[in-house]
Amino acid sequence: MFSSLDLSAWLMLIVTYAHGVAAIAWLGGSVLHAFALQPLALAAPTQMRPAMSLIGPAYREIVDISIVTLIVSGLLLMFYRVQSDAATVAWVSVLAVKLALATGMFYIVWRQRRSKDDKQESRGLASRMLGYDALLAIGMVVFLLATLLRQLVEKAI
C-alpha cells in the first residue's frame, strides 16, 4: 500500500496533515478561549488577569504559526488539486467561499491586533461581531467547507 505512493503523494500527505493540524490548533484555541477562558475572565477578572497575561502571548503565537501554515499549505493544496480531475465547478465554488471566509478571518486577526496596538479598542456591537468571537463561528464554517471539499475530491476519484 505505502510502496505505491510516490514522492509527490507523500509530500501532499504531509502538507494536508500540516494544514489540518494548523486549522485544529487555531479552532481549538478559539473554542478554549470562548467557552472556558473568557467566561472565567469575566467571572473573576482579578484572579484571571495574571493567567490571561501569560496565556495571551502563547495563544497569539499559536495563531501566528497557524496562519502561516494555513496560507502556505493551503496554496500548495489548492494548486495541487486544481491540476487534478477533482477540480470540478462545485469544488472551485466551495473553495472560493472557503478562501473568502479564511481571508476574512486573517483580516479580523490583523484588525484586532492593530486596534490593540493603537489602543483604540471599542466594545460596541460591530467590534464584537467582527472581533475574536467571530473567528470561532467563521472557523467552524471554514472547517465544514474543508470537509465538503474533501468529500467532493473523494467523489471525483
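1. Ala-22 sits in helix α1. Along the sequence Ala-22 and Val-63 are 41 residues apart, yet in space they are 8.5 Å apart, C-alpha to C-alpha.

2. Before going on, a word on what you are looking at. This is a predicted model, where local features need pLDDT of at least 70 and side-chain atom pairs count only at pLDDT 80 or more, while totals for chains, interfaces and linings use all residues. Residues are numbered from 1 along each chain as its sequence is written, and side-chain values use heavy atoms, with hydrogens and water left out.

3. The chain has 157 residues, and 28% of them count as buried.

4. Val-94 is another buried one, at 12% relative accessibility. Its place is in helix α3. Val-94 and Leu-148 are 54 residues apart in sequence, but 7.8 Å apart in space, again C-alpha to C-alpha.

5. Now have a look at the second largest pocket, which holds about 860 Å³ of space. A pocket here is an open set of points on a 1 Å grid over the protein atoms alone, where a 1.4 Å probe fits, with protein on both sides within 12 Å along at least five of seven lines; lining residues have an atom within 4 Å of a point. The volume is the space filled by probe spheres set on the points.

6. Which residues lie nearest the centre of that pocket? They are His-19, Leu-77, Lys-98, Ala-146 and Leu-149, out of 34 lining residues. Two or more residues each come from α1 (7–43), α2 (45–82), α3 (89–117) and α5 (132–156), and α1 gives the most, with 10. By class, the lining has 23 nonpolar, 8 polar and 3 charged residues.

7. Finally, the surface: Val-68, Ile-71, Val-72, Leu-75, Leu-76 and Phe-79 form a nonpolar patch with about 530 Å² of accessible area together (patch residues have over 30% relative accessible area and no salt bridge, and nonpolar side chains are joined within 5 Å). Val-72, in helix α2, is partly exposed, with a relative accessible area of 46%.

Methods:
Helix = DSSP H or I, 4+ residues; strand = E, 2+ residues; numbered from the N terminus. Nonpolar A, V, L, I, M, F, W, Y, C, P; charged D, E, K, R; others polar. Patch = residues over 30% accessible without salt bridge, like charges linked within 9 Å, V, L, I, M, F, W, Y side chains within 5 Å. Areas by Shrake-Rupley, 256 points an atom, 1.4 Å probe, with all protein chains shown as cover. Salt bridge = Lys/Arg side-chain N within 4 Å of Asp/Glu carboxyl O. Buried < 20%, exposed > 50% of the residue type's maximum accessible area, 1.4 Å probe, protein only.
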